[in-house]
Structures are given as C-alpha cells and as structure tokens.
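Here's a friendly look around a protein model. Have the sequence and the 3D view ready, and we'll go through a few spots together.

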Amino acid sequence: VIAYFSIPIELGYFVSCSNLPFKWVLIQFIAFIVLCGLTHLLTAWVYEPHSFQMMLALTVFKFLTALVSCATSITLVTMIPLLLRVKVRELFLKNKTRELDREVGMMKKQEEASWHVRMLTREIRKSLDRHTILYTTLVELSKTLLLQNCAVWMPNEERTVMILTHELKQRNSSDLPIPINDSDVQEIKGSKGVKILQPDSPLGLASSGGDGEPGGVAAIRMPMLRVSNFKGGTPELIQACYAILVLVLPNVDSRSWSYQELEIVEVVADQVAVAISHAAVLEESQLMREKLAEQNRVLQQAKRDAMMASQARNSFQKVMSHGMRRPMHSVSGLLSVMQLENLGPDQRLIVDAVAKTSSVVSTLINDVMEISTVDNGTLSLQMKSFRLHPMIKEAACLAKCICVFKGFDFGVQVEKTVPDWVIGDEKRIFQVILHMVGNLLARCDGGFLMFRVLTESGSEGGQDQRWVPWRMNSSQGYAYVKFEIRMSSLQQNEASTSLVQIARRPISDRTGSNLSFSMCKKLVQMMQGDIWVVPNSQGFAESMMLVLRFQPTVLPEPGGSSENPPSSLFRGLKVLVADDDDVNRSVTRRLLEKLGCNVSAVASGVECLNSLGAMGTSFQVILLDLHMPEMDGFEVARRIPKYRSGSWPLIVALTASVDEDVWERCLQSGMNGVIRKPVLLQTMRDELYRVLQASQVV
C-alpha cells in the first residue's frame, strides 16, 4: 500500500518542482491512482461483514474513480493533436541536426582544404624563381591530392602549340606538343574554373606520365603576367597569355575528383599565377635596374668625357687667347698707329691691306673661340655702311703680294657700275675673297690670276647660267655684285700676248667639301649670296665666282658723325690703363699718347686700386681690361666709386669678348663705355669722345 501511494507522491513532487506543459493531466493521473488505491483498500475489507457506510464509501470511491478515468480519457483524446505536433517538431529538429552535422562536416573539410592551400601557398612563396615555383607546386599538389602525375603546359613563342615545360615525372617531352587550336586547350583557356577532361583527351593522355591508363584528369588555366602587360598602372589591351596546369589522379578504386579537391586546385592555380607573375615582375625589374645602372654608367662616362672636353676646350681657348688673339690685337693696334703716319701711296695701300688682313684674322680667331664656346656652329655678321671700292683695292693689293710671292702674275678689273657705299659685313667679304685667292693659288704652280668685279648689268655676267636668277631679282633697291677670280695660262699685257705653260693640279671634289670652303659658303648664304667653283673646258684651270647682294647707301655728309673729334679734346687727359698683357698694355698706352693723353699703366686690378688710393682722384679716365687674373675688371669697377670725386674717373672697359651681354654687365658694374679689342686708334678716339660727351665734359 505504501509503495502504491508513493507513486502519486513522487508525481506530485515532480509536478511541483518542474515547469512541464500539461500539468493538469498529471494531476488527473495522480487523482486516478489515489482513488484506485483507496478502492482496492476498501475492497479488502469487503470479505468480512461490513456495514452500510463501508459499502457506501466503496461505491463512492468506485464512482469517483470512474469519473476521473473518463475525464482522463477525454483529456488524452484532446491531447493527440498536440502530441502529433510535438512529434513533427521532433522530426524537424532531427533533420536540422543532420543538416548541421553535414554543414559542420563541410566546414571541417573546407578548413582542411584551407589548411592545405595555406601550406601549398607557403611552399610556393618560398622562392622567387619561376621554375622553382612551378616544380614546388607540382610536388606539393602531388603530396596533398595523391596524384599520379601533374604537368604544366606553356605556349611557344609563336603561340602555335602548347609545350610540356614542367612535369612531376621527368621524361623526354619534346615530341609531345599539343596544337594551340585543340578543343580542350581552347575550352580551358576560355573558362576560369577547372575542367574535367575526357579519357581520350590528347592533353590528358600526354600528361599521364606514361604509367598506364590514367584516372580522372583535371586542367585549369594560369595567366602569365609580365611588366610589359602594364602601362601607367593599368593592363594594356593585348592578347592574354595562359599556361595550363594538368593534374592526373591514379586509376585505382574508381577514384574521381571531389568538390573540395577541385576547389583546392582553383585556389592553388590562382596563387601560382600570382607567384609566377610576381617573380616575372621582379625579374624584369631587376633587368630594368641593371639597364638603368648601365645607362647611369654610360651617362657618368659621358659626363666625364664632357668635362674632359670642356677642359680641353678651355685650354684651347686659353692658348688661342694668349697665343694668337692677343698678339693679333697688338699688331692691329700698331698698324692703326702706322696708318696715321705720313706714308706714300704704295706704303699706305700695303699698310691698309695688312691692317685689313689682321682684322680678318682677328675675326677668324673670334669665330673659332665663339664656336668652341657655343657648340652650335653659329657665325655672326656685323652689317654696317662701308666703302666697297677701297675694300676691293685693299684685297687686290694683298692678292697681288701673295701672287708675286708665289710667282704668279696678277690683274684686276673693276667695273664703274659697281656701287661704292654699301651696307654689309666688310670683314667677312674680305675673308671670303682671300679664301678664293688662296684656293686657286694652291692648285697651280704658275700662271695668271685675274680678279674681276662687276654688277648684274655687266655684259659678261649674263653668260653664266648661275647669274640669271640674280639678274631677275636685282630690283627692289638692291645691287648684286659678282666677284670673279680666274686662273688662266694666257697672260695678256697692253703691248703683247704670250703663251705661258703652267703646271696644274687636277680638280678634286674636295673643293666644295673642305672646312674652309664650307664656312665661306655658310657666310655667303648668310649675306644672301652664293659662291661656286667653275672648271674650264679642259678640266684643269678653274675660276671661283662670288655673288653678293648689297643695299647701296648715300655718301655720309661732311661734318656728320663720321668726323673725327678735335685732337685738342684729349690733350692732357689723365688716363690709367689696367691690362695684364704687357704687349697690349704698351700698345694701348702708345695709342693714348698718340691722342695726347697723359697715360699711366698698371698690370692688375689691385695695382689699379692702389694707384687710385695713392694719387687720389687725379685720373679722369680708367681703361680696364675685363679679364685680368685675381680681380677682374667688373670687380675693380664696383670698388672704384669710393675713390671718385664728382664724375671722375670715368671707366671704359677693354674686352675681346663678342658676347652681346657684355655692355649690359658693364653698365651694371658702373662703367661708362666699352672698347672691343683689337684696340684701334679710330675706335678708341670715337669711344672716348662719346664717353666724355655723355658725361657733359665736352
């Protein structure tokens, strides 16, 4: 009885302690068990005579038991749908559990695949050599996926076939090319994912390694990028290049490719492509660095060569300046003094010719130094008004002297129609005429040299075909003058004519291609003219023709700006000359004394400043050479103002430079004038007069 009644007690305790649904059903079960127990207990007492009350109690308990039993059964009927819903939920939860288990399994497999990929990537990235990267990929994939063989195919240079370049099982694969237009190759290159090849695929059979029938074969493309594929950070629109990675499973247990294995292959192929591209970029970058280093070495060598050339040029200019230009300037200055002496007509003609020649030589020296400085081969012209007839006379005098010295006869003929006052570069024209004379004299050992000057209206000028264009363009106020120097074997005099046999040198093609002729031709073209060589009919004797365009000008009026200033203006003028060249200093002093100046001379800028400090401001004019050592003329000019008293002394620069900015630099340094070397008496007189006039001394 105690065990029987303990059941409802335990159920009641369980109901009171738990939060279960349908508690009232359990309560009904407890009541049913209690009533049944009481009914059985009362029935045990029925075997003996019993009273009415006992029978009534037994009847009541049986009735109550029947009621509780009916209520419980009715309740259970209403609970069936609820129980079914619980069962359905249980089945749903079981399905969810199975799906979660499957997803967990997939996650584990993915994690395992990721681990394999990380391991493969780490092994692949250990090297920057493309061949090592590919062989490492093949070995590690074979270990991870248990492959029979794996291989890499790459296109040849012509991109006509695919060649087996790397293979896990090394063998002679030179006889196994696959056409580039193979259907499997085209399909693999056209897709990004892995392609499973058919058993009879030529690509799969060629990649099996030769160990019998292969298992499942998978292939994927790998893009091969290089530095040349990029321009400005973006890919160029060029045809892409792909390699093909082929993987072969062993033919055992009907093994096939799983999804995880294919995923590993895709990721590894991408990593291999990145690693190979990175290696290619580094390799090409290294090549570019080596090329840049080589170019840098070449540039450094070029820089050293340029510095050596600059030093050689500076040495050459120094030699030209000290060895040739300064002596020529001294000669020109002395000749300008001689021109003012009382000379006979012949002596004056010779002295004028020599002075003109020295001026031409000075111009040539300046050209050489200027060209060596500028390095562009440019030549300058000084266009100004001059007398053409005296220049022709001086050139003829010098040509005659040369002819007499070399044993030639000489004649000159100038038409009266040739203009006298013209605008042009007198020095350059004189230089070209001397070149023509020297060129012809160098070709013969004897003969007669004829120098003729005529205008376009001359009767013989129209016979030369080269003269025709000049005759047609001789209008518009210009005069075209032809200078002809002809060498012949006929020497004609006024009284007789004799035949002289001369030795001739053949005409060579070098006449128009040597350096002096080329420079003369360039000068002539700058002066709107032309120069050429004309051989005679026998091909021995020859003549040279020069045609120049001049603009005639009027004769300067007497008393104009060309008049010399009065000589009394410079008498007693105190002048200080500062020049480091002894000869030029002496010549400049002699020229100033010729003008009537009181001259003192020093050899440096320091001595010039010391002279000013010792003698106060007694000097009225200072002639400064701009290129003195230790302290140049510009620095001396900037220090002179503290020694000045009023407007004295005036500063005039002496320079052989032909730079156009010299005058501006002199003005900035406080100078009043510039005299360009060679210093000539007339030039010095004119510049001193201008400086004194500008300072309101005159």
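A polar contact is a pair of N or O atoms within 3.5 Å; within protein, one must be able to donate a hydrogen and the other to accept it, and residues adjacent in sequence count only if both atoms are side-chain atoms. You can find a side-chain oxygen of Asp-182 within 3.1 Å of the backbone nitrogen of Asp-184, at the start of helix α5. This is a predicted model, where local features need pLDDT of at least 70 and side-chain atom pairs pLDDT 80 or more, while totals for chains, interfaces and linings use all residues. Residues are numbered from 1 along each chain as its sequence is written, and side-chain values use heavy atoms, leaving out hydrogens and water.

Helices (H or I, at least four residues) and strands (E, at least two) are DSSP runs, numbered from the N terminus. Buried means under 20% relative accessible area, exposed over 50%, and partly exposed in between (1.4 Å probe, protein chains only). In α5, Asp-184, Val-185, Ile-188 and Lys-189 are buried. They sit on the same side of α5 because their arc (taken from the directions from the helix axis to the C-beta atoms) is only 125°. Ser-183 and Gly-190, on the other side of α5, are exposed.

Now for some strands, which pair if DSSP finds at least two bridges between them:

| β9 (residues 384-387) and β11 (residues 421-424) | four | Ser-385 and Ile-423 |

Lastly, Cys-36 lies in helix α2 (residues 23-44) and counts as buried, at 13% relative accessibility.
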